[in-house]
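I opened my notebook to record what I looked up in this structure, one topic at a time.

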Amino acid sequence: MTLTVTSLDVARSGTPVLSDVSFVVAPGEALILRGPNGIGKTTLLRTLAGLQPPLAGQIAASDESAYSSHADGIKTALTVEENLSFWAEVYGNTVPESVYEAFDLTSLRQRLAGTLSAGQKRRLGLARLGVIARKLLYLDEPTVSLDRFSVNLFADWLRDKHLAKGGIAVIATHIDLGIDAPTLDLTPFAAVREAEGGADEAFL
Ligand SMILES: Nc1ncnc2c1ncn2[C@@H]1O[C@H](COP(=O)(O)OP(=O)(O)OP(=O)(O)O)[C@@H](O)[C@H]1O
C-alpha cells in the first residue's frame, strides 16, 4: 500500500487553506508535516482521513485509515482496560497484551480513565492505535501532554510495531519524535486568501 496525494487543495469552512499539495508515502514510511500555527496541518489531515472533502486533487490509498486528533476519544467512566476492549470490539479485534507495556499502562489497567493525568490519558488515546490495527495513520500532534519518556515510548511503538510492519503514518508535530522520516513544510503551499489581504496592516 502506498499513499499518493496529488495536487490537493484543502479548505476550512469553505476558505481555501492549502493548495497544490503533492507527496507520496511508501509502506513502512512516515511523513512529518510542519508549518506555523494555522497553516492547515489539521485541515490537511482531516481531508486525508476523509472527514472532509478536498476542494481539488486526489488521494489514493488502498487501505482504510485511522485519524487521531488532539481529543483522545476516551470514555471517562470506563477503565483503561475497558476503553481498549471497547475500541478493539468496534474494529473487530482483541487487545494485544503488548500494548499495555508499549504505552506504559500496565499499572493503570483497572483505573477509571477519567482519573488519569493528561499525559496518561494521551498514552491511552495512543494505545487505541495499537488495538485498531489500521495500516494508514493520520496523527495530529500525537505527543501533546507527553513527557520525554512517553514521547520515546510512542516513537518506539511507531517505528517498531507500525512502520516496521509496513504501516504508513502522516504526522503533524512541532516536536522531534526521533524517527527517521522526511519532513514536509507546508508554508509554501498556503493558499492565497484575498479576503484576508491587508488584515494584518493594523498591527504593523
Ligand atoms: N472551524 C473553523 N472555522 C473557520 N476557520 C477555521 C476553523 N478551524 C480552523 N480554521 C482556520 O483554518 C486555518 C487552518 O487551521 P488548522 O487547524 O488546519 O491549522 P494547523 O496548521 O493545524 O494549526 P496548529 O499548528 O495551530 O494546530 C487557520 O487559519 C484556522 O484559523
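This is a predicted model: local features need pLDDT of at least 70, side-chain atom pairs count only at pLDDT 80 or more; totals for chains, interfaces and linings use all residues.

**Entry: the five-stranded sheet.** I looked up the strand order and found an open sheet of five strands, E5-E6-E7-E3-E8, with parallel pairing. At its edges I noted strand E5 (65–68) and strand E8 (183–185), each of which pairs on one side only. Neighbouring strands of this sheet are turned by 15 degrees against each other on average, with direction ignored. I then checked what packs on the sheet and found H1, which touches E3, E5, strand E6 (136–140) and strand E7 (168–172), while its direction makes about 155 degrees with that of E7.

**Entry: the three-stranded sheet.** Here I found an open sheet in the order E2-E1-E4, with antiparallel pairing. Strand E2 (15–25) and strand E4 (56–60) are at the edges with a single partner strand each, so one side of each has no neighbour in the sheet. The twist from one strand to the next averages 25 degrees. Strand E1 (residues 3–12) and E4 run antiparallel and are joined by four bridges, and the bridge partner of aspartate 9 in E4 is alanine 56.

**Entry: the ligand.** Which residues are around the ligand? I listed Arg12, Ser13, Val17, Gly35, Asn37, Gly38, Ile39, Gly40, Lys41, Thr42 and Thr43. By class, I recorded two nonpolar, seven polar and two charged residues in this shell. Helix H1 (residues 41–48) gives the largest share of the shell, with three residues.

Conventions
Residues are numbered from 1 along each chain as its sequence is written. A residue is near a molecule or strand if its C-beta atom, placed from the backbone, lies within 6 Å of it. Helices (H or I, at least four residues) and strands (E, at least two) are DSSP runs, numbered from the N terminus. Ala, Val, Leu, Ile, Met, Phe, Trp, Tyr, Cys and Pro count as nonpolar, Asp, Glu, Lys and Arg as charged, and the others, Gly among them, as polar. Two strands pair if DSSP finds at least two bridges between them. Axes are lines fitted to C-alpha atoms, for helices over the stretch in contact, and angles run from 0 to 180 degrees between N-to-C directions. Two residues are in contact if their C-beta atoms, placed from the backbone, lie within 7 Å.
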